[in-house]
Amino acid sequence: IARALNVERIGRQNPVSNDQMRTAQVELLHGESGWVEVKDNGLVYGFDATKVMYSSGNVTERHRMAKLQAEDDIVIDAYAGIGYYTMQLLVHANAGHVHACEINPNSIHALEWSAKENNVQSRLTVHHGDNLNTLRELRGTADRVLLGYLPSSEPTWEPAIQSLKDTGGTIHIHMNVEEERIESWCEETMQKCLQFADKAGRHWEIVSHHLEKVKWYAPRIRHVVLDVSFSSINSASEIEVSSTGLFLTIT
């Protein structure tokens with residue numbers, strides 16, 4: 001097969017491990033190294049495919065991060081992985097600085113390699129370890145927090161909200177949700193986030209300005225991203241459903 005396709009390596013894909021790091025389980029059948037380099041949206045990512053996962057299905061969300069109005073923002077990427085979103089934010093969205101939190105040393109190696117290749121290492125700080133601890137250490141520092149973990153990022157909602165600046169900011173919440181429950185999940189999620197903010201003594205207004213349906217994760221199950229922003233209270237409550245998703249303001 002390698003001769004027929006004129007390739008040097010062949011791997012067998014297996015299901016991603018259901019462990020904390022969602023470890024790749026690719027078996028290298030032919031060749032000496034699992035290291036690969038992928039070009040996407042003008043950037044290059046490098047990683048060992050036998051040790052870490054690469055999600056090609058997240059391409060639309062990666063490109064959406066590249067188009068955010070995040071110039072000079074201080075961003076926390078709470079599940080940074082190999083830098084799927086970190087690189088897009090630094091290079092294309094021109095974020096001021098990204099704090100990338102990651103527990104997998106193989107992913108960190110890939111992330112740091114890509115930062116050098118894309119020449120953004122001076123605006124990147126990598127935090128190795130459990131992001132529940134890292135987010136507490138970064139409390140009150142961020143304009144924007146990414147919570148890109150499936151099937152659920154809920155364990156980090158509270159520390160993510162606490163890591164925002166006192167003036168507020170935006171969190172991007174990833175989740176697997178049944179298609180018929182997406183609208184109710186958005187409302188429930190925002191209520192929980194508002195409760196976490198109140199618990200931290202931050203009497204904010206909360207508004208969801210975008211819901212992204214990234215991909216089908218399984219039959220009837222969508223990978224979605226809810227953008228939730230916090231600011232000081234200055235408007236009345238309103239609920240509006242639009243063609244692009246749920247827009248919900250709660251005070």
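**Entry 1: helix α7**

I started with the buried residues of α7, and I found Ile182, Trp185, Cys186, Thr189, Met190, Cys193, Leu194 and Ala197. A reminder to myself: I am reading a predicted model.

Next I checked the length of helix α7, which has 18 residues and runs over residues 182-199. Just after α7 I came to Gly201, which takes a positive phi of about 80 degrees.

**Entry 2: Arg144**

Is Arg144 buried or exposed? I looked up its relative accessible area and got 9%; buried means under 20%, so Arg144 is buried. I placed Arg144 in strand β8, residues 144-147.

What does the side chain of Arg144 join up with? I found a polar contact of 3.2 Å to the side chain of Asp73. I then listed the contacts of Arg144, leaving aside neighbours within four places in sequence. Among them are Leu68, Gln69, Ala70, Ile74, Val75 and Ile76, along with Asp73 again. The list also includes Leu164, Thr170 and His172.

**Entry 3: aromatic pairs**

How many aromatic pairs does the structure hold? I noted 6. To describe a pair of aromatic rings, I need the distance of the centres and the angle of the planes.

I took Trp35 and Trp113 to begin with: their ring centres are 5.3 Å apart and their planes are at 75 degrees, so I wrote this pair down as edge-to-face. The pair links distant parts of the chain, with Trp35 in strand β3 (residues 35-40) and Trp113 in helix α4 (residues 105-117), 78 residues apart. Trp35 has 21% relative accessibility, so I count Trp35 as partly exposed.

Then I turned to Tyr54 and Tyr84, where the centres are 5.8 Å apart and the planes are at 45 degrees, so this pair is tilted. Here too distant parts of the chain are linked: Tyr54 sits in the loop between β4 (43-48) and α2 (59-66), and Tyr84 in helix α3 (residues 84-91), 30 residues apart. I looked up both partners: Tyr54 is partly exposed at a relative accessible area of 22%, whereas Tyr84 counts as buried at 8%.

Which residues do ring pairs link into a cluster? I found Tyr54 and Tyr84 there again, together with Phe47 and Tyr85.

Note on methods. Residues are numbered from 1 along each chain as its sequence is written. This is a predicted model: local features need pLDDT of at least 70, side-chain atom pairs count only at pLDDT 80 or more; totals for chains, interfaces and linings use all residues. Side-chain values use heavy atoms; hydrogens and water are left out. Helices (H or I, at least four residues) and strands (E, at least two) are DSSP runs, numbered from the N terminus. The expected span of a helix is 1.5 Å times one less than its number of residues. Buried means under 20% relative accessible area, exposed over 50%, partly exposed in between (1.4 Å probe, protein chains only). A polar contact is a pair of N or O atoms within 3.5 Å; within protein, one must be able to donate a hydrogen and the other to accept it, and residues adjacent in sequence count only if both atoms are side-chain atoms. Contact means heavy atoms within 4.5 Å. Rings of Phe, Tyr and Trp (its six-membered ring) pair if their centres lie within 6.5 Å; planes under 30 degrees apart count as stacked, over 60 as edge-to-face and the rest as tilted.
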